Amino acid sequence: YLGHAYNNPNLVTMEVLCHGVTSNRVVASYLDAKADAADGELVDVRFRTKEGPWGWEDSSHAVFVVSSGGGTKLVRDRIDSFMFGYIRSLYLRESCYRCRYCSMTRTADFMAGDYWGGTEREMPKVWRRRGVSLLAVTGPRAEKLLHDIEGDLRLEPLSYENAVRRNGALLRPALRPAFRDMAVARLGSGDFEGILLKEFRMAILRRNVKSFVGPGVTRVLRLANRAVSHLLAVRHVS
């Protein structure tokens, strides 16, 4: 597309590490369901917002702006079935399951994405409220540009193993669920919330319990569960 302009020294390129793009049909059905449930007119939707007490660490919920009574209000979707299906690649576009750019071979000067893996141990908690980005440079020009702006950033070196820990798009495209066609057809025909909640009720419940109690509490529970499992294993061996 760029042709000879690609070699222009003033052209800097960046690619985004992407899990996938949702089917428009499914998004429309989801928003229709939320509009029906809203006490007023749905005027804006904010996906993956950092608004809320836990910030980026609990950003897998949508926030809706509802106009009612001459003003607007924010409605946080605590039981967000849409994100549940998105994270599981249930209704991505077909091209996303065959994306040629989901690999460690990068073509732009920079590659940017969310850094989901390892930050509990490596980064101060204050970072996690605002978010932590994964940034990769692909050659000398990008390294020079990064050096020019590093005073405005807080940078930490990162190992390859940690970079790919929870960023599967660095290795391969999202896997296509076997029931993807059926899910898209049903979810796009109406009653988005009812269909998804019926099919995945318990899994959605488990996921959202974590959101209600907060990331800090869930980490404590996870550690306690590991400790109990270890004690049971030791008792069984002895």
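Student: Is arginine 180 buried or exposed in this predicted model?
Tutor: The model is predicted, and its relative accessible areas are computed. Buried means under 20% relative accessible area. Arginine 180 has a relative accessible area of 8%, so arginine 180 is buried.

Student: Which residue forms a salt bridge with arginine 180?
Tutor: In this salt bridge the closest N and O atoms are 3.7 Å apart. A salt bridge requires a side-chain nitrogen of Lys or Arg within 4 Å of a carboxyl oxygen of Asp or Glu. The partner of arginine 180 is aspartate 181.

Student: How many residues apart in sequence are the parts tied together by arginine 176 and glutamate 94?
Tutor: Arginine 176 lies in the loop between H6 and H7. Glutamate 94 lies in the loop between helix H2 (81-87) and S5. The pair therefore ties together parts whose separation in sequence is 82 residues.

Student: How many salt bridges does the structure hold?
Tutor: For the structure, the number of salt bridges is 8.

Student: Which strands are the edge strands of the open sheet?
Tutor: The open sheet has 3 strands in the order S1-S5-S6, with mixed pairing. An edge strand here pairs on one side only. The edge strands are S1 (14-16) and S6 (133-137).

Student: Which residue in S6 stands opposite alanine 112?
Tutor: Strand S5 covers residues 110-114, and S5 and S6 pair in the antiparallel sense over 5 bridges. Opposite alanine 112 stands leucine 135.

Student: What angle does the direction of helix H5 make with that of S6?
Tutor: Helix H5 (residues 140-149) packs on the sheet. This helix touches S5 and S6. Its direction and that of S6 make an angle of about 130°.

Student: Is threonine 22 buried or exposed?
Tutor: Threonine 22 is found in the loop between S1 and helix H1 (24-37). Leaving aside neighbours within four places in sequence, its contacts are Val27, Phe82, Tyr86, Tyr91, Leu92 and Arg93. Its relative accessibility is 10%, so threonine 22 counts as buried.

Student: What is the area of the nonpolar surface patch made by Met104, Tyr160 and Leu171?
Tutor: Leucine 171 is found in the loop between helix H6 (160-164) and helix H7 (180-187). At 40% relative accessibility, leucine 171 counts as partly exposed. The patch that Leu171 makes with Met104 and Tyr160 has an area of about 290 Å².

Note on methods:
Residues are numbered from 1 along each chain as its sequence is written. This is a predicted model: local features need pLDDT of at least 70, side-chain atom pairs count only at pLDDT 80 or more; totals for chains, interfaces and linings use all residues. Side-chain values use heavy atoms; hydrogens and water are left out. Two strands pair if DSSP finds at least two bridges between them. Helices (H or I, at least four residues) and strands (E, at least two) are DSSP runs, numbered from the N terminus. Contact means heavy atoms within 4.5 Å. Axes are lines fitted to C-alpha atoms, for helices over the stretch in contact, and angles run from 0 to 180 degrees between N-to-C directions. Buried means under 20% relative accessible area, exposed over 50%, partly exposed in between (1.4 Å probe, protein chains only). Patches are made of residues with over 30% relative accessible area and no salt bridge: like charges are joined within 9 Å, nonpolar side chains (Val, Leu, Ile, Met, Phe, Trp, Tyr) within 5 Å. Accessible areas come from the Shrake-Rupley method with a 1.4 Å probe; for residues, only the protein chains shown count as cover.
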